[in-house]
Amino acid sequence: MIDQSPASLSKVFWAFTRIGLLGFGGGPAMIPLVRDEVVTRHRWLDDDAFADVLAIANTLPGPIATKMPGYIGYRIGGIAGCVIAVAAVIVPMMLAMILLLGLFSRYRDVAWIRGMGYAVVPVVMVMMGQLTLDFWNKSRLSLGPWLSLAMGAGSGVLIYLLGLHPGWIIGALLVTAMVSPEPRPREARE
């Protein structure tokens, strides 16, 4: 965590309200927005802590759009921060869903209404690509490029070809990291 002082609850509210209002595409599409607010804009967490939160959130059941804000809000603002962060993400989404689904069902045959949904997809794709690039760079620097590629390819095979849930893979990697011995420095081995 970069900023050791507790975050003001109003900053927590507005940061997660922005995420709730701009998080088109569902929970996974919100991850880059959460990272931008929490790591880049407010510096409440660093990239390592954010990656840890993301990994743990992916192993737990339920929507990531509430798990991440809940934990991050708790970490930076206690129980009140948790409640505010989750409410700030959920309430705008709920109101937008009620409003937009009402409009959509009424005007679904209008071409520009259909086009709005299609137009958001490339933007979400770019946001996910940026997040992927950020995690690739972090993984490459900590594990090396070949091990990162091997783990990515292996995870891809397990998830997409064998249908294994990502939570099982992340959980197995966490358990492996906990039980494997710490690598010794090169000087100690020689």
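This is a predicted model: local features need pLDDT of at least 70, side-chain atom pairs count only at pLDDT 80 or more; totals for chains, interfaces and linings use all residues.
Residues are numbered from 1 along each chain as its sequence is written, and side-chain values use heavy atoms, with hydrogens and water left out.

Let me begin with the chain as a whole. Its C-alpha atoms fill a box of roughly 70 × 45 × 25 Å along the principal axes. Of the 190 residues, 27% are buried, meaning under 20% relative accessible area, with exposed being over 50% and partly exposed in between, for a 1.4 Å probe and protein chains only. Among the contacts with a separation of 6 or more, 59% are between residues 24 or more positions apart, a contact being heavy atoms within 4.5 Å.

Now to the helix pairs. Helix α2, residues 27-41, packs against helix α4, residues 64-107, at an angle of about 140 degrees with the axes 12 Å apart; the axes are lines fitted to C-alpha atoms over the stretch in contact, and angles run from 0 to 180 degrees between N-to-C directions. The two helices, α2 and α4, are therefore oblique to each other, the class left over once angles under 35 degrees count as roughly parallel, over 145 as roughly antiparallel and 65 to 115 as roughly perpendicular. From α2 the contact takes Gly27, Pro28, Met30, Ile31, Val34 and Val38, and from α4 it takes Ile64, Ala65, Met68, Ile72, Val89 and Met93. By class, that contact of α2 with α4 has eleven nonpolar, one polar and no charged residues, with Ala, Val, Leu, Ile, Met, Phe, Trp, Tyr, Cys and Pro counted as nonpolar, Asp, Glu, Lys and Arg as charged, and the others, Gly among them, as polar.

What does α2 do with helix α3, residues 47-59? The two pack at an angle of about 145 degrees, with their axes 11 Å apart. Here Ile31, Val34, Arg35 and Val39 of α2 meet Asp47, Phe50 and Leu54 of α3, a set that divides into five nonpolar, no polar and two charged residues.

Finally, the loop between α2 and α3 holds Arg43, which has a positive phi of about 55 degrees although it is not a glycine. Arg43 is partly exposed, at a relative accessible area of 45%.

Notes. Helices (H or I, at least four residues) and strands (E, at least two) are DSSP runs, numbered from the N terminus.
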